[in-house]
Protein chains: 2
Amino acid sequence: MMTRAQLHQQNLNKIFYPDSVAIVGANKVAGTVPCDILMNILKADFNGIVFPVSPKEKFIAGVKAYKYVVDIQDEVDLAILVFPSSVCHMALEQCGQKGIKSAIIISAGFKEVGNDGVVLENQLKEIAARYDMSFIGPNCLGVINTDPRSKINASFARRMPDEGSIAFLSQSGALCTAVLDYAYAKHIGFSKFISFGNKADISEIDLLYYLKDDPKTKVILMYLEEVTDGLALMEAAEKIITENRKPILILKAGRTSAGASAAASHTGSLAGSDEICDAAFKQAGIIRCENIEEMFNKAIAFAYQPIPKNNRVAIITNAGGPGVLTTDAVVRQGLQLAKLSDETTAVLKKNLPKTANTNNPVDVIGDARADRYNIAMSAAFKDDNVDGVFVILTPQSMTDIDLIAREVAKVSSHYDKPVFTSFMGEADVAVGIDVLQRNKIPHYILPESMAIAFSTVYNFSQISDHRAFNPIDIEETARDKANRILDSAISAGQKYLTENEATQILKFYELPVIENALAQSADEAVSLAVRFGFPIVMKVMSKDIIHKFDVGGVVLNIQSEQEARNAYMKIVDNVRRKLPSAKIDGVLVRKMIPTGEEVILGAKRDPSFGSVVMFGLGGIFVEVFKDVAFRIPPIGESVAKSMVESIKGYPLLSGARGNNPRDIAGIVQCIRRLSQLVTDCSQIRELDINPLIVLDEGKGVFIADAKIML
Amino acid sequence: MMTRAQLHQQNLNKIFYPDSVAIVGANKVAGTVPCDILMNILKADFNGIVFPVSPKEKFIAGVKAYKYVVDIQDEVDLAILVFPSSVCHMALEQCGQKGIKSAIIISAGFKEVGNDGVVLENQLKEIAARYDMSFIGPNCLGVINTDPRSKINASFARRMPDEGSIAFLSQSGALCTAVLDYAYAKHIGFSKFISFGNKADISEIDLLYYLKDDPKTKVILMYLEEVTDGLALMEAAEKIITENRKPILILKAGRTSAGASAAASHTGSLAGSDEICDAAFKQAGIIRCENIEEMFNKAIAFAYQPIPKNNRVAIITNAGGPGVLTTDAVVRQGLQLAKLSDETTAVLKKNLPKTANTNNPVDVIGDARADRYNIAMSAAFKDDNVDGVFVILTPQSMTDIDLIAREVAKVSSHYDKPVFTSFMGEADVAVGIDVLQRNKIPHYILPESMAIAFSTVYNFSQISDHRAFNPIDIEETARDKANRILDSAISAGQKYLTENEATQILKFYELPVIENALAQSADEAVSLAVRFGFPIVMKVMSKDIIHKFDVGGVVLNIQSEQEARNAYMKIVDNVRRKLPSAKIDGVLVRKMIPTGEEVILGAKRDPSFGSVVMFGLGGIFVEVFKDVAFRIPPIGESVAKSMVESIKGYPLLSGARGNNPRDIAGIVQCIRRLSQLVTDCSQIRELDINPLIVLDEGKGVFIADAKIML
């Protein structure tokens, strides 16, 4: 049998490529949503048949109307529902009866208005499930497909966008209107444009999987207010990125808690912690954007231009100051300023005026016209040391702005290297910018944005055998044994595990707990010492003794069985003599660990992502500097390694200040085992390993203390 | 006698308000700089007389021309030189002979082209000095004054900007063309617009002082590639900010070293370290910007709107998603989301549709027209809990964009609170944005920029008894005594001071050096101990002894004269017995310091700012986390305090993790004394106090080790 998710994929095809559409709830009142949608479909030259369904009208805009959807004789692929929320379920029921499998529910007044709306929304879900239907919405702007094979504007947006290779998905319908307007002005086209609203049935995950294999889509953009199923989002993203090499850019609102609560009142949903969301997106290869402008700045770089082979940039400018600003931006974004070849420099020297700067940034000087830009660009494109070209222009009195823009489009079309432009100013340069945008040359108001876009594309091209999730091999029974302990602790009403229970679970997952036990006799002390392995530490345990060292109650660095026996006897003897009144509970035997760097590992549950694991340096580094990293488990070696390397204090582990490098491989192993543990055992609410003691490279790591909360 | 700086102020008045102008080197060839400048002045309706000076022409554009400037009978206030650099000095000489006191030298080909240019530039300076003349340039675009009293466009810019209250100064002429174009499109006006080029005579500092008292200028913007005299810049900025309450926004290029080297090849000047520049600007109250857009985003907030009384913001939007994004931005910028009064909420509930959100962010819902915006804005402006209003608009199908823009302008004009807007999109919203810009309502493409601009204005309003520099009272002779030691060390060819010399100098400046000295006898040890004060530490000094503790060569915590005598004898006795062959150099006597937090103080010379002082936590915090702060000396108490508080590790000093608060007042005193020392003694190339041991609050700080490099 087909799962709902599989069904959605099948039905989504009829949402984007229907042969016939019913507008259920259409009317003749221009300026209202039902009428606007019908007109939008008719205006956009839809490649199929439209059936208005209206209880009152016989025809609308010259098109025959039907009273009920069941009255339509022909087959209907897609229903667009624009009835008030209170009667929507009846209309959907009829669509089901008619055998329509796909719907877009535009109507608002569902989950977003509170409890009454939730009831109505659940009715829609129930009907869809019953008829094997799939729907987008409710509470959305609709869907647009620019593909000439369908060409449908099933939305009440003001305009139909151009065809393009960018897909845009949005949880907010209103934002869609701003995006369409923004994109229209910049001649940015779309493959699919989807407002998914309350995502009651078809979710953003379903849409991502649909776009994964959509040949018209090269780049996927999404505006999201809440991550409902973080793991599914990450998995989908990973597949799309690694299998299809399509970048995913997400603008996630609700960064701050006030923003999240505004988001909550808006969509009736709770946002997870933003820091975790950041880490999860990065782990999955998702490019997180701060605003619409940043999103499109990056999207057009992906959509319009070839991927650069490396990150060496040549700058061509007609003004020194902007050249400096661009150089700053290039370096700050981790790109390289290309070292031009001798040949290139020679060509430039020969063909540019004497005062021109023939090094990178190449300054063609203020009175440069299109011919000089042509010379400099051609030379830069031909240079094997150059992977991409940045063209800067300021509108000086001699500057033939539109000709230079045309030259950029013409010259760059001959080479398989990206070109990025910044024509600085606004009024005079507008004509040039327009030429660039029409010719799909990425243009940026700021040199900084140009450098950011280039480095985003370059960094994306470097993602190779990316694998967000990767379980680790643990003895098969470990999971069952751990779950048994956890379940019985929960049954017993425990809020956290005892030390002994925690130690057992950590050991099942082969985590290096430093074991200890109380010995009541010298024989017992010796056998524990043998079990734990030398060197050993012994300490008297007694509620009556505060300063164990002062009464001779501690022996360090015990190396053999004989020494262990002696140590036990000596401790008991010392205490008896110095504090005869003290009641001795026993002698604690523990493996002795050399001092090392102290780090923290942790995990907690997250409403969006299930679990999250944490790593940081211990003590003040966590508390004062907040120097920690998060990942979503289960993680593989490279992700765990990147986690360790990402903290600011990493040099302390890798061997800064003349110290020995620490056992980073040991930390990585621990993180992976811990990440598997919390993946397997969702009963664990929080887990804290603090500290994990990290010895020198190859010498291991040891858990000195661990707490598991339920 | 007048200083050159005073003379410049007088002569600058004739640069901006000349009654008569000579264009020296004018010609008839349209499209060339000399002709463009003449035409620009004529076209802009200059309120004075223009005299073209041309070796070849009898008249230009209908205006009588003169062969030489000395041929002009009338008085000439201002000369604009556009001759090639090779003959510029001859023209300037003639201007001097004619008695012209003010000049703008447009011509390029001076310092920026290398050595030959430097010679020519020096000739200009020599001539100006000889005739008490002042000039702007060379190598610049010129000067514009929009004040109707003068109305002069003495530049070859493409267009004359509108009148406004923003002054713009730029080291790069080409950037000016981009700025003028950018501002024109956004209806941003200027008071003065100055391209100052190589600043061979009149510097940016002179211009700042001129603009300080210019009644037409409210906000000062500057693009700078090199800070030549950082201290003078800071002083000027401080005066303008505190005395005239005019904000100064600087776009300083050359952030990265590659950028700086591009800057160096561009203007023949060396940029200082960017981190220091950042700190210095902040210290002086200067607002540093990253790019032109950010600069104008902030400038219009200052120029157009009243200063908010507090930072509580009300958001009005017709779309939930953008409301969330704006809330995020507000919180992230440290602003508060205003809590609307009950009265406001009641008004909104009564007058807005039921589905509207009447809490902040106020959502007037997608079908809102101007009337609903009016209701929400009026209520927000009237609310005492609101200090500023952010108006967001997305272009939905019912949105009457231009009417809403007009409503914003109208309503806000009745209240003394700032309003900021973001009409999201580009094409459809353009008509509304144009209305806003013409009405001097700050508009921003991104909600984020809106929040940044608001918080910049608010933070600026909080600068009160700001004082960048503040010397400390040190005994008058200290400076002389320190200088004597430093000078004699330099004469002796020393690269750094001996420990004894360094200690002496630090003591002159009352810095808490832990003193120590070698005792050769028990009597001497006792008298040193008395001099330093108990408790005391003694250590044997001998090249033959490595482990002093092991041979009984160290005694800690000596509390009295008797204990001191005993300790000395015991140390000598121990060493004699255990290592009879060791040659004893003496016993080191030192005040004993309890352990405390270790911090670092330092100072070094900086090419732009003279000196710079540094503070940070010791050890790994400096080396790995780079957790340090810089300031330009001499600094007062509040600046020194802000320096200590600005490091990330500050909680470690203020009493985090249940520790006692440390002696921060002691650190502040040390920083101030150190800052005075390096101000007084420019022979000090570098100074390192590492560590300074900081005890608990009120217990003092102590210098454990210090190095002074020459």
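**Helices, sheet and chain contact in the predicted model**

In helix 2 of chain A, the buried residues are Val33(A), Pro34(A), Cys35(A), Asp36(A), Ile37(A), Leu38(A), Asn40(A) and Ile41(A). The model is predicted. Helix 2 spans residues 33-43 and is mostly covered, with eight of its 11 residues buried. The cover over these buried residues includes six strands of chain A: strand 1 (20-24), strand 2 (49-53), strand 3 (59-60), strand 5 (78-81), strand 8 (142-145) and strand 9 (152-155). Just after the helix comes Asp45(A), which takes a positive phi of about 65°.

Five strands of chain A make up an open sheet, ordered 2-1-5-6-7. Its pairing is parallel. Strand 2 and strand 7 (134-136) of chain A form the edges, and each pairs on one side only. On average, neighbouring strands are turned by 20° against each other, direction ignored. Strand 6 (residues 102-105) and strand 7 of chain A run parallel and are joined by three bridges. Across this pair, Ile104(A) stands opposite Ile136(A) of strand 7.

Two helices of chain A meet the sheet. Helix 2 of chain A lies across strand 1, strand 2 and strand 5, and runs at about 160° to strand 1. Helix 3 (residues 85-98) of chain A also packs on the sheet. Helix 3 touches strand 1, strand 5 and strand 6 of chain A, and its direction makes about 170° with that of strand 5.

Chain A is divided into four parts: domain 1 (4-300), domain 2 (305-462), domain 3 (469-514 + 594-710) and domain 4 (515-592). Between domain 3 and domain 4 of chain A, the C-alpha centres lie 30 Å apart.

The contact between the chains draws 70 residues from chain A and 70 residues from chain B. On the chain A side, at least two residues each come from helix 5 (173-185), helix 8 (257-267), helix 11 (320-332), helix 21 (620-623) and helix 23 (650-654). Helix 11 of chain A gives the largest share, 10 residues. By class, the side of chain A that touches chain B holds 33 nonpolar, 21 polar and 16 charged residues.

Helix 5 of chain A has 13 residues. From first C-alpha to last, the helix reaches 19 Å, close to the 18 Å expected. Because 11 of its 13 residues are buried, helix 5 of chain A is largely enclosed by the rest of the structure. Among the buried residues are Gly173(A), Leu175(A), Asp181(A) and Tyr182(A). The buried residues of helix 5 pack against strand 10 (166-170), strand 11 (192-195), strand 12 (219-224) and helix 10 (292-304) of chain A. Helix 11 (320-332) of chain B also packs against them. His187(A) follows helix 5 of chain A, with a positive phi near 55°.

A cis peptide bond, with omega about 0°, joins Asn360(A) and Pro361(A). Pro361(A) sits in the loop between helix 12 (342-351) and strand 17 (362-363) of chain A. In chain B, the peptide bond from Gly137(B) to Pro138(B) is cis, with omega near -5°. Pro138(B) falls in the loop between strand 7 (134-136) and strand 8 (142-145) of chain B.

Glu510(A) has a positive phi, near 55°. Its loop runs between helix 18 (499-508) and strand 20 (516-519) of chain A. Glu510(A) has 17 C-beta neighbours inside 10 Å and therefore counts as partly exposed. Ile365(B) also has a positive phi, near 75°. Ile365(B) lies in the loop between strand 17 (362-363) and helix 13 (370-382) of chain B. With 20 other C-beta atoms within 10 Å, Ile365(B) is buried.

Terms used
Residues numbered from 1 in each chain as written. Chains lettered and ligands numbered in written order. Predicted model: local features only at pLDDT ≥ 70, side-chain atom pairs only at ≥ 80, totals over all residues. Contact = placed C-beta atoms within 7 Å. Helix = DSSP H or I, 4+ residues; strand = E, 2+ residues; numbered from the N terminus. Nonpolar A, V, L, I, M, F, W, Y, C, P; charged D, E, K, R; others polar. Buried ≥ 20, exposed ≤ 12 C-beta atoms within 10 Å, placed from the backbone. Domains from an automatic or database assignment. Pairing = 2+ DSSP bridges. Axes fitted to C-alpha atoms, helices over the stretch in contact; angles between N-to-C directions. Expected span 1.5 Å × (residues − 1).
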